[in-house]
Amino acid sequence: MAEFLVAFFLFYLWNGMGITIGYHRLLSHRAFKCSKAYEYFWVAGGYMTYQGSPIWWSAIHRAHHRYSDTALDPHSPRFGIAHALYGWLMEGKYPQHIDPNLQCKDLVDDPIYKLLECGGRPPMASLLNLVINIVFRCTLWAVFGWQIALASLLASLFVFNVPQMLNVLCHMPKLGYKNFANNKDDSVNVWWVAVLACGEGWHNNHHKFPGSAQSGLRKFEFDLSWETIRLSEKLGLVTDVHLPDSIESKLGRRKGALLRLERIRVIRQKRSVA
Ligand SMILES: [Zn+2]
Ligand SMILES: [Zn+2]
C-alpha cells in the first residue's frame, strides 16, 4: 500500500506540474528558457493526462488569454458552466478564430509536437494520446508491477480534471479574491485550487502577469510550480526566468511599483465598500 501511495504522489507531481510548468508556463507563456530535455520531461508529464497535444493546449490557452471571458474565449463560464467544464473539449476541432499555424508559430516546427498534433485533427490526436497512454501503463505494469501502473493511471485521471475545474472555478468571482481588481476578466485566486493544481489557482495574479513564471505573489500564496522552477534555476536547469518585477521593469516602470499600486487600490476599494 505504501508503495502505491508513494507512486501516486510522485506521478501526481509529474502529471500536475507537467501541465503547470510544461504545457502552461513554458510552452504557452514562455516564462523561462531551458534545454529540450528539461522541456520534454515536463511536457511528457502533461501529455500523460489526456489534455490533448501540446500545440492544441497552447493554442487554446493563448486564445483564452487573448479573449478572456468574451464570446471568443474557448472556455469561459460566463457562457455556460457545462460547456466551460468539458463541453468545449467535445467540439473535435479548433474554433474558427484559432489557428495554431498563426498563434503557435514557435511550436509547430517541433517534430515531436508536430507528430502529436496529427495534422491539426484533435480527434486523431486524442486517439494517439490514448494509445501512447495505454502503452505507457502496460510498460509500467510489465516492469514495476500492477500497483505502480494503477497509481499512475489514477494520478493521471485525477490530474486531467484539475485544469478543467480551474477553468471554471477561477473565473467565478464569488469563489475567490482578486489582488488586481482592474483585470478586465473574471479571474480570481482560489486557494484550494492552487493546492490541487500545484500553485496554478492564483489565477487573478496569472491574468495580470501571464508571462511570469511565478503565480503566487503574496506571502501566503504558496506556488509549488514556482518553487520547482526556482530550484531548477538554482541547479542551472532553467534560465531567463520572467517575473512580475522584470516584466514591469521591461515596461519602463519602477520595480514592482505597479504591483504595490494595484494592491493599495484594492485595499482602498474594499474600505470604500465597507
Ligand atoms: Zn483564465
Ligand atoms: Zn495562462
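**Entry 1: Gly-176**

I started at Gly-176, which touches Cys-170, Val-188, Asn-189 and Val-190, leaving out residues up to four places away in sequence. I count two residues as touching, or in contact, if their C-beta atoms, placed from the backbone, lie within 7 Å. The model is predicted: local features need pLDDT of at least 70, side-chain atom pairs count only at pLDDT 80 or more, and totals for chains, interfaces and linings use all residues. Residues are numbered from 1 along each chain as its sequence is written, while chains are lettered from A and ligands numbered from 1 in the order in which they are written.

I placed Gly-176 in the loop between helix 8 and helix 9. Helices (H or I, at least four residues) and strands (E, at least two) are DSSP runs, numbered from the N terminus. Is Gly-176 buried or exposed? Gly-176 is buried, because 22 other C-beta atoms lie within 10 Å. The cut-offs are 20 or more other C-beta atoms within 10 Å of a residue's own for buried, 12 or fewer for exposed, and partly exposed in between, with C-beta atoms placed from the backbone. I also took the C-alpha to C-alpha distance from Gly-176 to Trp-202, which is 9.3 Å across 26 residues of sequence.

**Entry 2: the chain overall**

I then noted the totals. The protein chain has 13 helices and 2 strands. Of its 274 residues, 39% count as buried. Among contacts with a separation of 6 or more, 63% are between residues 24 or more positions apart.

**Entry 3: helix 8**

I went back to helix 8, residues 146–169. Its 24 residues reach 35 Å from first C-alpha to last, close to the 34 Å expected at 1.5 Å a residue. The expected span is 1.5 Å times one less than the number of residues. Buried residues of helix 8 include Ile-148, Ala-151, Ser-152, Ala-155, Ser-156, Val-159, Val-162 and Pro-163. An α-helix has 3.6 residues a turn, so residues three or four places apart point the same way. Against what do the buried residues of helix 8 pack? I found helix 1 (2–28), helix 4 (81–85), helix 7 (122–144), helix 9 (191–196) and helix 10 (203–208).

**Entry 4: helix 1 with helix 8**

The axes of helix 1 and helix 8 come within 8 Å and cross at roughly 35°. Axes are lines fitted to C-alpha atoms, for helices over the stretch in contact, and angles run from 0 to 180 degrees between N-to-C directions. The crossing is right-handed; a crossing is left-handed if the near helix is turned anticlockwise from the far one by less than a right angle, and right-handed if clockwise. On the helix 1 side I listed, among others, Phe-4, Phe-8, Phe-11 and Tyr-12, and on the helix 8 side residues including Leu-154, Phe-158 and Val-159. The contact residues divide into 14 nonpolar, 5 polar and 1 charged. Ala, Val, Leu, Ile, Met, Phe, Trp, Tyr, Cys and Pro count as nonpolar, Asp, Glu, Lys and Arg as charged, and the others, Gly among them, as polar.

**Entry 5: helix 1 with helix 2**

I next checked helix 1 against helix 2 (residues 36–47). Their axes come within 6 Å and cross at roughly 120°. Helix 1 and helix 2 are therefore oblique to each other. Angles under 35 degrees count as roughly parallel, over 145 as roughly antiparallel, 65 to 115 as roughly perpendicular and the rest as oblique. This crossing of helix 1 and helix 2 is left-handed. The contact includes Trp-14, Ile-21 and Leu-26 of helix 1 and Trp-42, Gly-45 and Gly-46 of helix 2. Its residues divide into 10 nonpolar, 5 polar and 1 charged.

**Entry 6: helix 7**

For the 23 residues of helix 7 the span should be 33 Å at 1.5 Å a residue, and the end C-alpha atoms are 32 Å apart, which agrees. The buried residues are Ala-125, Asn-129 and Leu-140. They pack against helix 2, helix 3, helix 6 (111–117) and helix 8. Gly-145 follows helix 7 and has a positive phi, near 105°.

**Entry 7: two aspartates**

Asp-69, in the loop between helix 3 (54–66) and helix 4, has phi near 55°, a positive value in a residue other than glycine. Asp-69 counts as partly exposed because it has 18 C-beta neighbours inside 10 Å. Asp-240 has phi near 50°, also positive, and lies in the loop between strand 2 (238–239) and helix 12 (244–250). Asp-240 is exposed, with 12 other C-beta atoms within 10 Å.
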